Each structure stands twice: as C-alpha cells, then as structure tokens.
Amino acid sequence: MNALTNKYAVVTGGSRGIGAATVIALAEAGADVAFTYNSSADAAAAVVKEVERLGRRCFAIEADAADAAAVANAVREAFASLGGLDILVNNAGVGAIGPIDGFGLADIDRAIAINIRAVYAASQAAAPLLADGGRLIHLGSCAAARVTGPGMTLYAMTKAALVGLSKGLARELGDRHITSNVVQPGPIDTDMNPADGPYAQPQIDHLAINRFGTPAEVAAAITYLAGPTAGYLTGTELTLDGGHAA
Ligand code: NDP
C-alpha cells in the first residue's frame, strides 16, 4: 500500500509546472486527483492521461483562479467526482514581477485575486468537505522570506500573505487534525521562471546550491506534507530554495 492509497486530492493549476508535477507525484503515491486549469486544455488532458496510466482516477476542471466562485465550485465538483477530499494543494499563481510603479490597480487586484483570494476561497470551500486528518498545502515563495532586489514587491506581498492565511487555517482546523502549511520554493524551472531565461543567473547568484530546482523536487516536498508521517507539522513554512535564505 502506498502512502496516499485511498486519499483524494485537489490541486489548483495542475496543467503545467509545479502543479502538474504535484498531480503526478500524488497519483504515484496512490491518490486519486482532480485539478484545475485555466487555459492549457491540451496540457491538462496530457496530465489526466499520465495519471490514468498510473492506474489512478483523474479529473481536470476548467476554473479561472481570478474568479473566486469558480474556484470554490471547482473544489466542490472535485469532491463530488472523487467521492471525498483529503488534500488541497493551492498551487495556481501568477508572477507579477516588475517595478512598483509599473502596476496599475487592475494588475494589483488580479495578482491579489489569483495569488491570495483564490487560496482563501478554495480553502473555505474545502474546509467542510475535508476528512479529519486532511491537508492544506499552499504554494508560497522564498520571496516571502527574503527579497534580494527590486521588482518583487507585488509578488512578495501576495506570497507573504499566504503565511498568515495558512497559520490561521492551522488554528481553525487543528481540532480536526487537519494541517495547513506553506511550501516556499526558490527558483524552479517552469514556464513561469525558465532556468534558461534572462533572469536566471541573477537568481542563481543568490543561492547556496547553484542551480534551479525542479518541479519534481517541489512535488516531493508537497507529497511528504500530504502523507501520513507529516501529521504533526502544521502552521509553518517548508522552504526549499537552494539556500536562498541561508
Ligand atoms: P507555471 O506558470 O509554470 O504554471 C502555472 C499553473 O497554474 C498552470 O497549470 C496554469 O494553468 C495555472 N494557472 C495560472 N493562472 C491560473 C488561473 N488564473 N486560474 C487557474 N489556473 C491558473 O507556474 P509554476 O509551476 O512555476 O508555479 C506554480 C506555483 O508555484 C505558483 O503559485 C508560483 O507562484 C509558485 N512558485 C513558483 C516558483 C518558480 O520559480 N517557478 C518559485 C516560487 C513559487 P493554465 O496553463 O491552464 O493557465
């Protein structure tokens, strides 16, 4: 029996990058998984196929994280399709990197809607549906712990907010032994932050381990938090950042 056999998981933004790696890692550990996506229908279909190849059930649900009602509905739809809910991974997020005067109110609202409000909405919808001993895992960023240069204000603000949100959830749901934690990756090689992009080397310059991380490395940490041996770990941050904060 695998660590997540008979567990049901929902991942937001599971069509690409860290989210896709997480869907597959959770399925490899034995879970049935539903995930949301926004625009990458073909990539979402490929992830479903991969999970089914592993012998697990998988459902892809189109839901824009900018729309809080759609996110909450997606969690409820996932619960109904899977037949239960044990794990919610709030992964969907946007970069929002640039100088402070480069963002108008609409940009700020969109970053807040996707990176913070959707996490609240998904967690709120999940709370009454989660089995006792369930898991809430939120994708923050190493930028919540240390900002190494200009252009990160909006993004770091949204990711730092998840630390407070997660601690609050840990307190609200702890009596049901539901844990809530933030995973804070450093630079990870995805479409959002490619390891061969123009901003890669300056990021590597701030690390103790001089390379980008992989989506699979983040997915492994998430799978650990989702698993039965992490039941006493709650209200905290798991930072895997190549030494960004060292
Ligand atoms: P990618 O841009 O590579 O993938 C993002 C995923 O989220 C895609 O599946 C995308 O779906 C989905 N998504 C994006 N916007 C929306 C939306 N509005 N509604 C629903 N789904 C959406 O990102 P990463 O994998 O790199 O990042 C995943 C998380 O990790 C984010 O929260 C990010 O902030 C965080 N993170 C990433 C780091 C990095 O260096 N890569 C470092 C630290 C944190 P679709 O393709 O269908 O739009």
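This is a predicted model: local features need pLDDT of at least 70, side-chain atom pairs count only at pLDDT 80 or more; totals for chains, interfaces and linings use all residues.
Residues are numbered from 1 along each chain as its sequence is written.

Seven strands make up an open sheet with parallel pairing, in the order 3-2-1-4-5-6-7. Strands and helices here are DSSP runs numbered from the N terminus, with at least two residues of E for a strand and at least four of H or I for a helix; two strands pair if DSSP finds at least two bridges between them. At the edges sit strand 3 (58-62) and strand 7 (237-240), each pairing on one side only. From one strand to the next, the twist averages 15 degrees.

At the strand 3 end, five bridges join strand 2 to strand 3 in parallel, and valine 33 has cysteine 58 of strand 3 as its bridge partner. Helix 2 (residues 41-53) packs on the sheet here, touching strand 2 and strand 3, and its direction makes about 165 degrees with that of strand 3. Such angles run from 0 to 180 degrees between N-to-C directions, with axes fitted as lines to C-alpha atoms, for helices over the stretch in contact.

Now to strand 4. Strand 1 pairs with strand 4 in the parallel sense over three bridges, and valine 10 has leucine 88 as its bridge partner there. The chain gets from strand 4 to strand 5 through helix 4 (residues 105-126), in a right-handed β-α-β crossover; right-handed means that, with the strands pointing away from the viewer, the path from the first strand over the helix to the second runs clockwise.

In a regular strand, side chains alternate between the two faces of the sheet. Strand 4 has Ile87 and Val89 pointing one way and Leu88 and Asn90 the other, and all are buried. Buried means that 20 or more other C-beta atoms, placed from the backbone, lie within 10 Å of the residue's own. Strand 5 is covered on both faces too: Arg135, Ile137 and Leu139 are buried on one side, Leu136 and His138 on the other.

Strand 5 and strand 6 pair in parallel over five bridges, one link being arginine 135 with its bridge partner threonine 179 in strand 6. Helix 5 (residues 153-173) carries the chain between these two strands, and this β-α-β crossover is right-handed as well.

Helix 7 (residues 215-226) lies across strands 1, 4, 5, 6 and 7, running at about 165 degrees to strand 6. Proline 215 lies in this helix and counts as buried because it has 20 C-beta neighbours inside 10 Å. Leaving out residues up to four places away in sequence, proline 215 touches Gly17, Ile18, Ala21, Ile188 and Thr190; contact means C-beta atoms, placed from the backbone, within 7 Å.

Last stop, the ligand. Of the 29 residues around the ligand, Gly13, Gly17, Ser40, Ala65 and Gly93 come nearest, where being near takes a C-beta atom, placed from the backbone, within 6 Å. Helix 1 supplies the largest share of this shell, three residues.

Conventions. Two residues are in contact if their C-beta atoms, placed from the backbone, lie within 7 Å. A residue is buried if 20 or more other C-beta atoms lie within 10 Å of its own, exposed if 12 or fewer, and partly exposed in between; C-beta atoms are placed from the backbone.
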